[in-house]
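Here is a friendly note to read alongside the model. Please keep the structure open and look up each residue as you go.

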Amino acid sequence: MFQSSGTDLVLMGHDHVYARGFADEDATGTPGVSTGPVYTVAVSGPEYYELAPEDDNVGTRNGATQVVRAGPTSTFRGIRVTKDQLRYEAVVAAKWDDRSTTGKEVGEVLDSFTVTQYDDGTKYVTEEGTPVPPAPAAGR
């Protein structure tokens, strides 16, 4: 549904862990670049769950790749939208003692990516530090 409607970002909460990923069918074969919607789930409260195994979790069981995961860690998210880009950042808001699975400190960016959409509708999701692929040549 989200792929066919052109959705860029799906925000979810209340899962007691942080996770972000994409449907495997949206992989491009280029590391750090995908094409479809980005799915995020975050927790901002004090109740945490332990992360499911990296190779057996709700994402992998449903044909998806988890790009970033963290638990027991709370985040807040910031999103900036311009004419052709959506910029997303998740910042660590709190960590549960020594059980947090991230080495990031409170106030540091846990996760970030950019969605770029060209005038012809071509869309790329790029990980932090990954260059955005150029727009397709006109007439293709």
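1. Let us begin with charges. A search of the whole structure finds 9 salt bridges, a salt bridge being a side-chain nitrogen of Lys or Arg within 4 Å of a carboxyl oxygen of Asp or Glu. As background, side chains of opposite charge can pair when their charged atoms come close. Before going on, please note that this is a predicted model, in which local features need pLDDT of at least 70 and side-chain atom pairs count only at pLDDT 80 or more, while totals for chains, interfaces and linings use all residues. Residues are numbered from 1 along each chain as its sequence is written, and side-chain values use heavy atoms, with hydrogens and water left out.

2. One of the salt bridges joins glutamate 50 and arginine 99, with the closest N and O atoms 1.9 Å apart. Glutamate 50 sits in the loop between strand 4 and strand 5 and arginine 99 in the loop between strand 7 and strand 8, so the pair ties together parts that are 49 residues apart in sequence. Strands here (E, at least two residues) are DSSP runs, numbered from the N terminus. Glutamate 50 is partly exposed, with a relative accessible area of 48%, and arginine 99 also counts as partly exposed, at 35%. For these words, buried means under 20% relative accessible area, exposed over 50%, and partly exposed in between (1.4 Å probe, protein chains only).

3. Two further salt bridges are worth a look. Aspartate 56 and arginine 61 meet through their side chains at 2.8 Å, N to O. Aspartate 56 counts as partly exposed at 37% relative accessibility, whereas arginine 61 counts as exposed at 56%. The side chains of aspartate 119 and lysine 83 meet at 3.4 Å, N to O. That pair links distant parts of the chain, 36 residues apart: aspartate 119 is in the loop between strand 8 and strand 9 (123-127), and lysine 83 is in the loop between strand 6 and strand 7. Aspartate 119 and lysine 83 are both exposed.

4. Now to the inside. Which residues of the largest nonpolar core touch the most other members? They are Leu9, Tyr18, Val38, Tyr88, Leu110, Phe113 and Val115, out of 14 residues in that core. Strand 4 (38-42), strand 5 (64-70), strand 7 (85-95) and strand 8 (109-117) are the elements that give two or more residues to this core, and strand 7 gives the most, with 4 residues. A nonpolar core is a set of buried Ala, Val, Leu, Ile, Met, Phe, Trp, Tyr and Cys residues joined through side-chain atoms within 4.5 Å.

5. The structure holds 3 aromatic pairs. Rings of Phe, Tyr and Trp (its six-membered ring) pair if their centres lie within 6.5 Å; planes under 30 degrees apart count as stacked, over 60 as edge-to-face and the rest as tilted. Tyrosine 88 and phenylalanine 113 have ring centres 4.6 Å apart and planes at 20°, so this pair is stacked. Tyrosine 88 in strand 7 and phenylalanine 113 in strand 8 are 25 residues apart, and the pair links distant parts of the chain. Both tyrosine 88 and phenylalanine 113 are buried. Tyrosine 118 and tyrosine 124 have ring centres 6.4 Å apart and planes at 75°, so that pair is edge-to-face. Tyrosine 118 and tyrosine 124 are buried too.

6. Contact means heavy atoms within 4.5 Å.

7. Finally, threonine 65 has its place in strand 5 and is partly exposed, with a relative accessible area of 30%. Threonine 65 touches Arg20, Gly21, Phe22 and Asp24, not counting residues up to four places away in sequence. From threonine 65 to threonine 28 there are 37 residues in sequence and 12 Å in space, C-alpha to C-alpha.
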